[in-house]
Amino acid sequence: MKNNKAMALAALVAALVAGCDNKPEPPKVADMPQVNDENCKPENEAKVDASVRQQFADACFRRGSFKPSTGRTW
């Protein structure tokens, strides 16, 4: 009898927890405008769809090239 209750409880917990790992789908990159100097101006950035605005702003902030430090020793 106890074994049946334990199995029923385990099945109930498994059924309740089964859908907890669903994550929202990230915005598609195709919906985001091209990252360039003109599109990254604040007035043009405000026109971007709200669902991809943060991703677009991050891409604008990170555009450019990497410049290593001079490696000075103090």
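**Entry 1: helix 1**

How far does helix 1 reach from its first C-alpha to its last? I looked this up and found 23 Å for its 16 residues, close to the 22 Å expected at 1.5 Å a residue. The expected span here is 1.5 Å times one less than the number of residues in the helix. Helices are DSSP runs of H or I with at least four residues, strands are E runs with at least two, and both are numbered from the N terminus.

**Entry 2: what I am looking at**

A note to myself: this is a predicted model, in which local features need pLDDT of at least 70, side-chain atom pairs count only at pLDDT 80 or more, and totals for chains, interfaces and linings use all residues. Residues are numbered from 1 along each chain as its sequence is written, and side-chain values use heavy atoms, with hydrogens and water left out.

I checked pLDDT, the predictor's confidence in each residue, from 0 to 100. The mean for the protein is 81, and 84% of its residues reach 70 or more. Confidence is lowest in helix 1, at a mean of 79, and highest in helix 2 (residues 42–45), at 90.

**Entry 3: overall make-up**

I find 3 helices and 0 strands, running α-α-α from the N terminus on. Of the 74 residues, 9% are buried; buried means under 20% relative accessible area, exposed over 50%, and partly exposed in between (1.4 Å probe, protein chains only). The accessible surface comes to about 6,900 Å², and 58% of that belongs to carbon and sulfur atoms. These areas come from the Shrake-Rupley method with a 1.4 Å probe, and for residues only the protein chains shown count as cover.

I also looked at contacts, meaning heavy atoms within 4.5 Å. Among those with a separation of 6 or more, 35% are between residues 24 or more positions apart.

**Entry 4: back to helix 1**

How many of the 16 residues of helix 1 are buried? The count is 0, and helix 1 is hardly covered. Leu12 lies in this helix (residues 2–17) and counts as partly exposed because its relative accessibility is 48%. Together with Leu9, Val13, Leu16 and Val17, Leu12 makes a nonpolar surface patch of about 490 Å². Patches take residues with over 30% relative accessible area and no salt bridge, joining like charges within 9 Å and nonpolar side chains (Val, Leu, Ile, Met, Phe, Trp, Tyr) within 5 Å.

**Entry 5: salt bridges**

I counted 2 salt bridges, each being a side-chain nitrogen of Lys or Arg within 4 Å of a carboxyl oxygen of Asp or Glu. Arg63 and Asp37 meet in one of them, at 3.1 Å from N to O. This pair links distant parts of the chain, 26 residues apart: Arg63 sits in the segment after helix 3 (53–62), and Asp37 in the loop between helix 1 and helix 2. Arg63 is partly exposed at 39%, whereas Asp37 is exposed at 57%.

Glu38 pairs with Lys41, their closest N and O atoms being 3.5 Å apart. Glu38 is partly exposed at 45%, and Lys41 is partly exposed at 35%.

**Entry 6: Pro42**

Is Pro42 buried or exposed? Pro42, which is in helix 2, is exposed, with a relative accessible area of 63%.
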